[in-house]
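Student: Let's go through this structure one question at a time. Please give cut-offs as we go.

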Amino acid sequence: MASKHWSGQICPETGNYGQYRDTDNSYAGASYDKRVDKGERFPPSLNNHHFEKK
């Protein structure tokens, strides 16, 4: 299972992250993907969504 990350948390590994709904893990779509570098904070996400590395 992929690890979940929320807005404001420190990114553990540089990569492309998709946004997924907290309740059912549905994928928000490629237009919401973000590239986050290690050591940076995750950006704001959609309401009730978290980030997972793709």
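Tutor: Contact here means heavy atoms within 4.5 Å. This is a predicted model, so local features need pLDDT of at least 70 and side-chain atom pairs count only at pLDDT 80 or more, while totals for chains, interfaces and linings use all residues. Residues are numbered from 1 along each chain as its sequence is written, and side-chain values use heavy atoms, without hydrogens and water.

Student: Okay, which residues does Cys11 touch, leaving out those up to four places away in sequence?

Tutor: Cys11 reaches Tyr17 on one hand and Phe42 on the other.

Student: Which residues make up the largest nonpolar core?

Tutor: A nonpolar core is a set of buried Ala, Val, Leu, Ile, Met, Phe, Trp, Tyr and Cys residues joined through side-chain atoms within 4.5 Å. Buried means under 20% relative accessible area with a 1.4 Å probe, counting protein chains only (over 50% is exposed, in between is partly exposed). Tyr17 passes at 1%, and Phe42 does at 3%. The five members are Cys11, Tyr17, Val36, Phe42 and Phe51.

Student: In what order do the strands sit in the sheet?

Tutor: Strands are DSSP runs of E, at least two residues long, numbered from the N terminus, and two of them pair if DSSP finds at least two bridges between them. S1 (residues 15–21) has three bridges to S2 and five to S3. S2 (34–36) and S3 (49–53) each have a single partner strand, so one side of each is left without a neighbour in the sheet. The sheet is open and antiparallel, in the order S2-S1-S3.

Student: Which residue in S2 is the bridge partner of Tyr17?

Tutor: Tyr17 lies in strand S1, which runs antiparallel to S2. For Tyr17, the bridge partner in S2 is Lys34.

Student: How many residues of S1 are buried?

Tutor: S1 is largely enclosed by the rest of the structure. Tyr17, at 1% relative accessibility, is buried. Out of seven residues in S1, the number buried is five.

Student: What is the centre-to-centre distance in the pair formed by Tyr17 and Phe42?

Tutor: Rings of Phe, Tyr and Trp (its six-membered ring) pair if their centres lie within 6.5 Å; planes under 30 degrees apart are stacked, over 60 edge-to-face, the rest tilted. The structure holds three such pairs. Tyr17 and Phe42 are edge-to-face, with 85° between the planes, and they sit 25 residues apart, Phe42 being in the loop between S2 and S3. Their centre-to-centre distance is 5.0 Å.

Student: And what is the geometry of the pair Phe42 and Phe51?

Tutor: Both residues are buried, and together with Tyr17 they form one aromatic cluster. Their ring centres are 5.3 Å apart and their planes meet at 25°, so the pair is stacked.

Student: Is His5 buried or exposed?

Tutor: His5 sits in the segment before S1. Pro12, Tyr17, Phe42, His50 and Phe51 touch it, not counting residues up to four places away in sequence. Its relative accessible area is 9%, so His5 is buried.

Student: Last one: what is the relative accessibility of His49?

Tutor: His49 belongs to strand S3. Its contacts beyond four places in sequence include Trp6, Gln19 and Ala28. His49 counts as buried, with a relative accessibility of 8%.

Methods
Helix = DSSP H or I, 4+ residues; strand = E, 2+ residues; numbered from the N terminus.
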